[in-house]
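Subject: Structure handover

Hello,

Here is the structure I promised to pass on. Please open it first, then read my notes below.

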Amino acid sequence: MKPIKPIKKTVAGRFPRDKIYYIFFSLAVILTGLFVSNSYYLQVLTFIGINSILALSLNMLMGYAGQVSLGHAAFYGIGAYTTAILTVHYNLSPWLALPCAIFIAIFVAFLVGIPTLKLTGFYLGMGTLGFGMIVNIIFREWTDLTGGASGFVGIPSLELGPVSFYSMRNYFYLVWAALLLSIIVCKRLVNSRIGRALRSIHDSAHAAEAVGINTRNLKIQVFVLSAAFAALAGFLYAHLVSFISPGSFDFMMSVRIVTMVVIGGMASIWGSLLGASLLTLLPEWLHAFSDFEMVVYGLILMLIMIVLPQGLTKGLIDIYERSKKKDNS
Amino acid sequence: MQEILQYIFSGITNGAIYAIIAVGFSLLYNSTEIINFAHGEFVMIGALSLVTLWGSFHLPLPLAFVLTIVVVSGTGLLFERFAIRTVKKPDHIVLVIITVGASIFLRGIAMLIWGKDAYSIPPFSSNPPIDIAGARLLIQSIWIIVISLLSVVALYFFYNKTLTGKAIRACAINKKAAWLTGIPSGKMVMLSFVLSIGMGAVAGLIIAPITMCSYDMGTMLGLKGFCAAMLGGLGSLWGALIGGFILGILEAMGVGFVSSSLKDAIAFVLLLLILFIRPGGIIQSKDVQRF
Amino acid sequence: MNVQRKKTTAKFPLLKIESVYKAFGGVQALLDVSFDVEKGFIVGLIGPNGAGKTTLFNLIAGVYSPGRGRIIFDRADINKKKIYELVTCGISRTFQNVELFESMTVIENVMVGQHVITKCGFLGAISSLPWILKEERKAKEEAMELLAFVGLDKYADKKSSDLPFGWQRLLEIARALASKPKLLLLDEPAAGLNAVETRQLGELLKKILNRGVTMILVEHDMSLTMEISDKIVVLDQGEILAVGTPREIQSNEAVMTAYLGK
Amino acid sequence: MLKTKSFKKVILLIAIIVTGCFIVSLPAMAREVYKIGGIFAVTGRASFLGDPEKKSMEMVIKTINDKGGIDGHLLKGIIYDTEGDPTKAAMAVSKLINKDKVIAIIGPSLTPTSLAVIPFVEKAKVPLISCAAGVAITQPVKPWVFKTAQSDVLAVAAVYRHMKKQGIKKIGIITVSNAFGESGKQQLQKQAAEYGIKIVRTESFGNKDTDMTAQLTKIRKAAPDAIVCWGTNPGPAVVAKNVDQLGLNIPLYQSHGVASPKFIKLAGRSAEGIYLPTGKLLVARLLPEKDIQKKALMNYINNFETKYNSSVSGFGGYAYDAMNILAKALKGTNGNKEKIRKALEGLKGHVGVTGVFNFTKEEHNGLGADAFVMVRIHNGTWELLK
């Protein structure tokens with residue numbers, strides 16, 4: 001047997017490099033919070049944060065494990081409605097409602113995931129779509145509990161001891177702290193044994209089975225994790241806007257989440273952030289388009305998939321590298 | 001009894017529409033293994049084109065019919081040429097997102113052309129409804145049922161009796177082998193798109209007189225049509241037909257005997273059940289789950 | 001059956017195929033096939049096209065389960081085991097067309113192969129506790145060692161799809177070895193390789209044998225099979241035609257007839 | 001009866017005085033601009049509400065500015081589109097409050113969007129005049145939230161009053177499964193007993209459903225005296241068609257949600273004989289000259305139709321009234337939001353196109369039962385019922 005070679009630096013040095021990213025990220029968030037005093041900008045940033053958590057949650061499922069979901073808004077909605085119902089109807093503290101919301105999302109994801117994740121390709125897309133539709137109809141028709149189509153009013157704002165998240169700045173910090181947490185979780189997962197197994201399912205499901213990966217279990221687990229983070233996003237959304245209605249969690253919302261992931265780039269954490277930011281800001285910029293918004297939106301989706309199927313982050317890097325190669329040769 | 005008959009009439013009318021949309025899904029899936037999430041939007045374009053050609057320009061009905069089908073199929077051809085054939089990496093996820101994007105795009109375009117208002121046009125013939133045992137059957141319903149059945153029969157003959165039809169089927173079974181025997185598989189894919197989307201246009205045509213047509217009418221119809229196709233067995237012509245009628249009648253019965261607020265849920269619950277229990281659909285055997 | 005006990009002293013064979021029968025619809029692919037694979041052997045599985053080699057291979061690999069009969073591995077019945085469970089039992093495989101995880105680097109491919117011998121789960125990965133990091137480091141060392149073993153250690157951080165085909169084959173073997181299998185199933189490992197590469201492959205397989213891994217080999221390249229196999233099983237039309245050492249097989253008349261026609 | 005008559009006189013008097021003040025007031029010198037926010041569903045599914053609302057608001061602002069503004073302050077309207085989406089409405093209202101620093105906001109167009117923005121205006125203490133129908137917007141009363149659209153409470157009351165006169169005792173209701181239909185259903189159920197009416201069957205439909213005969217068959221089985229359909233176009237037109245096709249020979253009542261010429265066009269011949277409550281705008285030309293709102297209505301119609309070259313809708317009237325009311329309240333406040341709020345709460349007898357508004361501390365909608373009239377569709381046009 002040959003002697004064991006020393007491990008390469010790049011491989012071993014991955015963890016500290018991540019820590020530097022996190023520190024930069026936190027610093028940037030803290031500074032942004034200090035220097036941006038206008039509540040409107042803080043609110044936009046807060047929405048970007050919530051959408052990023054959503055995009056990240058779907059990216060774990062779709063980008064890494066390669067399982068498309070057209071019903072992700074259902075879990076977002078389950079998170080929002082659970083906390084709304086518990087805090088308003090049952091006077092529960094939001095901080096107790098949060099674990100309940102996540103638990104219910106996990107429970108539903110588990111039940112739904114067992115039969116649904118047997119499906120692949122278009123069938124999976126359709127299965128998740130059907131699930132999302134049914135959940136939305138439940139939100140709309142279970143009037144006593146959810147307030148029905150008119151929506152749910154009066155969700156309390158968050159408070160933690162002396163800190164009130166009624167202030168937009170505090171809420172901004174809260175959401176971005178949650179986002180940082182999600183990023184850390186996602187990043188750790190991706191570079192672990194589980195992350196490699198997930199990516200292997202994406203590349204070749206039957207080769208993954210052949211190296212001993214229980215693909216079904218793993219898919220269900222990542223579906224559940226993804227649902228949990230979507231529920232967290234729903235919780236943050238509900239307590240920010242304090243009003244929710246079924247329209248915010250419909251099929252279009254599911255498509256929007258998919259779009260965020262796809263535009264930013266599948267299997268890319270920072271891509272999810274980029275996608276979520278673009279899709280949150282785009283309507284603000286597209287106000288000028290008003291009636292053209294739908295056309296532009298559909299066109300962007302199609303074009304990115306046709307021209308840059310890897311998404312903006314990876315696609316642009318690829319183009320840049322290709323042009324560099326051309327220059328060199 | 002009178003109620004049940006009325007529910008059945010209502011169910012068959014809607015069922016025929018679902019069926020013909022489902023046939024469109026099945027045709028395309030059979031030869032390309034693509035599920036076109038934008039199919040419902042072609043139904044919408046068909047309906048609105050008829051509104052313009054027949055309702056506003058007052059063209060004779062048969063001419064308006066043909067023109068509408070030509071216009072919609074032409075749109076479908078462009079869609080295939082520019083959105084599907086140009087895809088570098090035809091993964092499922094990529095195709096799902098492209099067709100979803102196309103559906104939003106087409107809806108946006110339709111909104112720009114026809115505006116946000118709804119339109120209505122009179123039925124093809126203005127006879128009064130027929131009274132059968134106290135239940136009313138619309139003449140337009142008869143039109144719908146007859147046209148959808150005729151289309152399916154015509155398609156059946158096209159696929160089984162004509163050379164082109166057989167060529168498409170050959171491509172669907174094995175592209176390479178078909179290519180070796182000299183069948184231009186690229187053209188066959190295009191033809192499948194045109195046929196599938198043409199079926200969507202027919203669905204739009206027959207539905208226009210009984211409902212209100214607007215730019216956002218297509219999505220739900222498309223989804224219900226898909227549920228019907230899955231129910232019958234994706235890829236099967238007769239399966240799509242049967243699936244459509246079953247879905248239509250179950251919905252009407254559901255409204256009649258359970259609750260109208262859960263009407264939309266019926267289709268999706270059926271969809272999930274069929275996906276979980278028997279992904280091949282009612283018609284096809286269990287082991288056909290191709291992907 | 002004429003069993004040779006040249007290399008092994010164990011009482012039980014590592015793998016025991018007992019009257020296995022398999023049919024697909026009306027087509028009978030395997031009729032009552034029985035043979036043993038002893039520990040420390042390389043067993044070659046040969047036969048003309050349509051003889052049932054691939055079916056037998058897939059039965060052992062868990063892709064199908066036999067219609068009748070039993071497959072016993074390491075004294076346990078593995079008839080009903082799922083594909084991924086077999087890896088835990090100690091059976092690992094490669095594919096005829098090389099199925100790598102193309103979006104991953106070379107070393108990551110090997111590390112996926114270690115899936116069943118590492119433990120870290122979802123919570124472990126998220127918490128990144130010291131023992132998880134330790135496991136990860138250890139896994140990485142072992143993966144590097146395996147890459148060195150097949151001669152790909154210099155390319156550990158390359159994307160696996162960037163490797164030339166012959167190296168991809170080696171990488172796939174390294175991945176299959178990463179789960180520390182007792183039995184390695186090789187599906188036409190020499191397919192698509194040139195003469196030099198085939199010879200190197202033969203050397204590598206011998207080295208693997210030295211690590212104590214038993215192997216079953218389905219291969220068309222007769223010279224490779226004859227050179228490295230300890231025992232050869234010849235299948236024809238779903239039945240065993242002959243079992244024996246390469247020399248015995250080469251002089252077997254029935255085999256000659258089956259191959260060269262009557 | 002007597003009471004309302006004298007009341008009307010008082011209102012008339014106030015109206016005359018106010019109009020007088022308008023004419024007398026001289027164009028003052030230019031001062032700081034008052035920024036007024038507007039959030040409407042200009043595009044999207046509810047654009048039939050948002051689009052005329054936006055136009056009406058812009059029109060009023062222009063008229064006021066042409067006259068020299070309020071107390072010498074010119075007005076500036078900043079209008080954002082919500083697309084009917086609560087999240088976008090929340091973003092827009094925050095932008096208005098924090099970035100544009102408006103002193104008051106008009107809109108949103110829909111009940112869900114209105115409910116979504118209320119917490120934000122309450123927090124920032126900015127007066128909001130909503131143009132949506134839902135009762136929940138002003139009940140319970142929130143200090144900073146007002147609205148000009150008639151509540152469904154009044155529409156339902158108008159329908160039930162008419163039914164009582166016709167001797168209708170049992171009804172079947174069919175409502176659209178969205179916020180408008182649901183709110184209507186609740187009011188229909190709540191007020192039924194008051195008028196001695198029994199709801200024998202409750203059904204719903206999706207606004208894009210192609211066929212409602214199944215629901216109507218179910219209603220027919222319960223043998224009601226009349227059917228009430230509560231929704232916005234195009235669903236109710238399909239209901240009208242289906243009622244006709246099934247040959248149900250009982251009166252069909254629709255809601256004010258379809259009170260536009262579009263409905264008659266969509267439902268075609270099936271629209272014949274349908275009853276519905278509507279604001280007076282739709283039938284302004286049919287109103288007797290002595291009607292207190294006649295002048296205001298004709299004024300709005302003429303201005304709008306000459307400016308935009310399209311016909312008015314009752315929905316634009318909500319924003320028209322809201323802007324006029326706000327303009328009145330703005331006087332003498334110097335842009336102080338608390339003063340504007342107080343002025344709004346104290347506003348009495350404003351004759352708008354939607355109705356006559358009397359705000360109090362407990363009543364932030366301020367409309368009386370006379371805001372609705374009942375009409376019948378006859379020969380493809382409206383017929384005013386007494």
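B:P129 counts as partly exposed because its relative accessibility is 26%. The cut-offs are these: buried means under 20% relative accessible area, exposed means over 50%, and partly exposed lies in between, with a 1.4 Å probe and protein chains only. B:P129 sits in the loop between α4 (92-114) and β1 (130-132) of chain B. Helices (H or I, at least four residues) and strands (E, at least two) are DSSP runs, numbered from the N terminus. The C-alpha atoms of B:P129 and B:Y29 are 37 Å apart, and the two residues are 100 apart along the chain.

Before you go further, note that this is a predicted model: local features need pLDDT of at least 70, side-chain atom pairs count only at pLDDT 80 or more, and totals for chains, interfaces and linings use all residues. Residues are numbered from 1 along each chain as its sequence is written, chains are lettered from A and ligands numbered from 1 in the order in which they are written, and side-chain values use heavy atoms, with hydrogens and water left out.

Salt bridges

A salt bridge here is a side-chain nitrogen of Lys or Arg within 4 Å of a carboxyl oxygen of Asp or Glu. By this rule there are 32 salt bridges over all chains.

In chain B, B:E80 pairs with B:R85, with the closest N and O atoms 3.2 Å apart. B:E80 is buried, because its relative accessibility is 2%. B:R85 is partly exposed, at 44%.

In chain C, C:R70 and C:E18 form a salt bridge at 3.4 Å, N to O. C:R70 lies in strand β4 (residues 68-73) and C:E18 in strand β1 (residues 15-24), so the pair ties together parts of chain C that are 52 residues apart in sequence. C:R70 is partly exposed at 38% relative accessibility. C:E18 is partly exposed too, at 24%.

In chain D, D:R341 and D:E338 form a salt bridge, with 3.5 Å between the closest N and O atoms. Both lie in helix α12 (residues 337-345) of chain D, three residues apart, or about one turn of the helix. D:R341 is buried, with a relative accessible area of 9%. D:E338 is partly exposed, at 32%. Salt bridges that share partners link D:E338, D:R341, D:K342 and D:E345 into one network.

Helix pairs

Axes are lines fitted to C-alpha atoms, for helices over the stretch in contact, and angles run from 0 to 180 degrees between N-to-C directions. Angles under 35 degrees count as roughly parallel, over 145 as roughly antiparallel, 65 to 115 as roughly perpendicular and the rest as oblique. A crossing is left-handed if the near helix is turned anticlockwise from the far one by less than a right angle, and right-handed if clockwise.

In chain A, the axes of helix α3 (residues 39-64) and helix α8 (residues 168-190) come within 9 Å and cross at roughly 20 degrees. α3(A) is therefore roughly parallel to α8(A). Their crossing is left-handed.

In chain B, the axes of helix α2 (residues 39-56) and helix α9 (residues 218-232) come within 7 Å and cross at roughly 125 degrees. α2(B) and α9(B) are therefore oblique to each other. This crossing is right-handed.

A covered helix

Helix α1 (residues 53-60) of chain C is mostly covered, with seven of its eight residues buried. Among the buried residues are C:L56, C:F57 and C:I60. Just after α1(C), C:G62 has a positive phi of about 85 degrees.

Backbone points to check

Most residues other than glycine have a negative phi, and most peptide bonds are trans. A:A267 has a positive phi, near 60 degrees. A:A267 is in the loop between α12 (251-264) and α13 (269-286) of chain A. C:R75 is not a glycine either, yet has a positive phi of about 70 degrees. C:R75 counts as exposed, because its relative accessibility is 65%.

Chain D has cis peptide bonds. One joins D:G107 and D:P108, with omega about -5 degrees. Another joins D:N233 and D:P234, with omega about 5 degrees. D:P234 is in the loop between β8 (226-230) and α8 (235-246) of chain D.

Best wishes
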